[in-house]
Amino acid sequence: CAAELNNPDIMTAINVEATANLARLAARREVECFIHLSSAGVVGPSKAPWIDEDTPCKPLTAYEISKWQAEQALARTPAEDMRLYILRPVNVVDDHRNGILSMALRNSFIDRFMLFLKGREAAHLVHAADVAAAALHLASAPSSPEGIYFAGCDEDLRNTVAGLYRLCRNATGSRPGSIPPSLPTHVPYWLRRIARGRCLHGKSRFSSARLVATGFQPPLGIEGLIARVCTAVEDTER
């Protein structure tokens, strides 16, 4: 799980070289299963409606590039007797790191404006507990094919900015009021293109079909995610 997120100067040493070293050491020590937490970000910019493990990777940022290089280094690791898996989580939240759900919890004028701008875009949220459960599932299922798996809840069509906003407001007992209509996804996409260059299209979703095909079902999913985060927020406020 460990990685450097912020300092590009040490990302290669930590995210790539240290990961490869750990895998080689695990193989020499006859570890049965090695699971690396990568990132869905390794795919980079894409306009594909559905992104899966066969989608070409074109990472842009230093972090994305380092995680992609780590995946390639692991693929070269001699590990004949060690099962090797790479999990690519999407946008991970937990009980105390709310991510885009903070918009609904605040419900400010700025948040509602961002909802109008980005509401139709896929949010790609997954709870950390579901990612951990996916790793434990692969570790305990020797028949699961080795390789790469996306871990997310994008198949749930409510996993959009507006969809999560409404679910979160309802879960906290707040009156959602009138959820403003949102602009088509190509509007915020082109605004980002102009401001930042190439980027992921808001209509794109990451498929977890390969992981589900191994028999995995996320214990929380979107509804459980909303319940866990909103309950934690209410407990903190009390």
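Student: Where is Phe109 placed?

Tutor: Phe109 sits in helix α4. Helices here are DSSP runs of H or I with at least four residues, strands are runs of E with at least two, and both are numbered from the N terminus. One caution: this is a predicted model, where local features need pLDDT of at least 70, side-chain atom pairs count only at pLDDT 80 or more, and totals for chains, interfaces and linings use all residues. Residues are numbered from 1 along each chain as its sequence is written, and side-chain values use heavy atoms, without hydrogens and water.

Student: Why is Phe109 called exposed?

Tutor: Compare value and cut-off. Buried means under 20% relative accessible area, exposed over 50%, partly exposed in between (1.4 Å probe, protein chains only). Phe109 has 69%, so the label is exposed.

Student: Which residues form the nonpolar patch on the surface?

Tutor: Phe109, Ile110, Phe113 and Phe116. Together they have about 450 Å² of accessible area. A patch takes residues with over 30% relative accessible area and no salt bridge, and joins nonpolar side chains (Val, Leu, Ile, Met, Phe, Trp, Tyr) within 5 Å, or like charges within 9 Å. A salt bridge is a side-chain nitrogen of Lys or Arg within 4 Å of a carboxyl oxygen of Asp or Glu.

Student: Why does Asn107 count as partly exposed?

Tutor: Its relative accessibility is 22%, so Asn107 counts as partly exposed. Asn107 lies in the loop between α3 (102-106) and α4 (109-118). Its phi is near 60°, a positive value in a residue other than glycine.

Student: And is Glu30 buried or exposed?

Tutor: Glu30 is exposed, because its relative accessibility is 69%. Phi of Glu30 is also near 60°, positive in a residue other than glycine. Its place is the loop between α1 (11-28) and β1 (33-37).

Student: What makes β3 and β6 a pair?

Tutor: Two strands pair if DSSP finds at least two bridges between them. Strand β3 (residues 83-89) and β6 have five, in the parallel sense. Leu87 stands opposite Tyr149 in β6.

Student: What is the strand order of the open sheet?

Tutor: The order is β1-β3-β6, with parallel pairing. β1 and β6 (147-151) stand at the edges, because each has a single partner strand.

Notes
Areas by Shrake-Rupley, 256 points an atom, 1.4 Å probe, with all protein chains shown as cover.
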